[in-house]
Amino acid sequence: MAVCDVCFRHCDISEKGTGFCGARVCRDGKVTAGNYGRITALALDPIEKKPLNRFYPGSNILSVGSYGCNLRCPFCQNHEISWSEQAMSLAERSSSMTPEELADAADSLKSRGNIGVAFTYNEPLIGYEFVRDAARLVKEKGMKNVIVTNGTAELHVLDELLPYIDAMNIDLKGFTDRYYEDVLSGSRKMVMDFIKKAACHCHVELTCLIVPGENDPEDEMREMTHWIAGLDGGAGAGAAGDSGDSGKNGGREIPLHISRFFPRFHMTDRPATDVETIYHLVDVAREELKYVYTGNC
């Protein structure tokens, strides 16, 4: 048995067992990434789909996903590879790819406007060892690395990745502990600490999915954006937009994507978020932030 140190759960994993995320495993008394190099999704996407609106806009990026997640969002759009029963059976059915093969694949797509690799679709940080190893090789080829994440990881995980990561889109799913703990089975504090550090070292954009009756109050958005605006925007808090070169910027220049919810997976008890609600919350967010975008509208 061994303790996993990737996120706040600190799962006690028995020998040959699996942690809460479905991807961390115990082998010979050591916790490792059971999903290392196991690929469930691979696609060349527009960078704006991550979403990253101010990091090399108009370019493409090779997007790669594995399986497993350390949150339990009931509305997950990638539940087939994240935390559903189907996702938990993917270990043997997923394809295998080495870090070298992924870096070579990214390099081969340069002629199609590819700028690098985005680790996305499921939660990449639960398999951070593969992200680290592949991102290092992608970097050596002069290409960019992006992580799309829920930000639920200890800072030592972030420290291992930061030398190779150029940009992140991080979910800030709400701004109350009740929502994070009762609905998502997560930790708001861990995500906030993660964002705070990441924003000082690479280009960061944030995404908030607005779920009716959960995280849609105007006051909550105002509190969230006030916190974001107060961050020390570091190497790329919004400045990487046109050139990809990033400079010192305050938190007011961290882009925020406010997205519309649609009923899916285990949350079908409410309608899609009203479009007018999204536009109103965007107006609220713009009281504090320079770059605010709508999503799914």
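Asp104 has a relative accessibility of 43% and so counts as partly exposed (buried is under 20% relative accessible area, exposed over 50%, partly exposed in between, with a 1.4 Å probe and protein chains only). The model is predicted, so local features need pLDDT of at least 70 and side-chain atom pairs count only at pLDDT 80 or more, while totals for chains, interfaces and linings use all residues. Residues are numbered from 1 along each chain as its sequence is written, and side-chain values use heavy atoms, leaving out hydrogens and water. The structure holds 19 salt bridges (a side-chain nitrogen of Lys or Arg within 4 Å of a carboxyl oxygen of Asp or Glu).

**Lys141 and Asp104**
- These two side chains form a salt bridge at 3.2 Å, N to O.
- The pair links distant parts of the chain, 37 residues apart: Asp104 is in helix 1 (residues 99-108), and Lys141 is in the loop between helix 2 (128-140) and strand 10 (144-149) (helices, H or I of at least four residues, and strands, E of at least two, are DSSP runs numbered from the N terminus).
- Lys141 is partly exposed, at 30% relative accessibility.

**Asp166 and Lys139**
- A salt bridge joins the side chains of Asp166 and Lys139 at 2.4 Å, N to O.
- Asp166 counts as buried because its relative accessibility is 14%.
- Lys139 is partly exposed, with a relative accessible area of 30%.

**Asp193 and Lys189**
- Their side chains meet in a salt bridge at 2.7 Å, N to O.
- Both residues lie in helix 5 (residues 188-198), 4 residues apart, about one turn of the helix.
- Lys189 counts as exposed at 58% relative accessibility.
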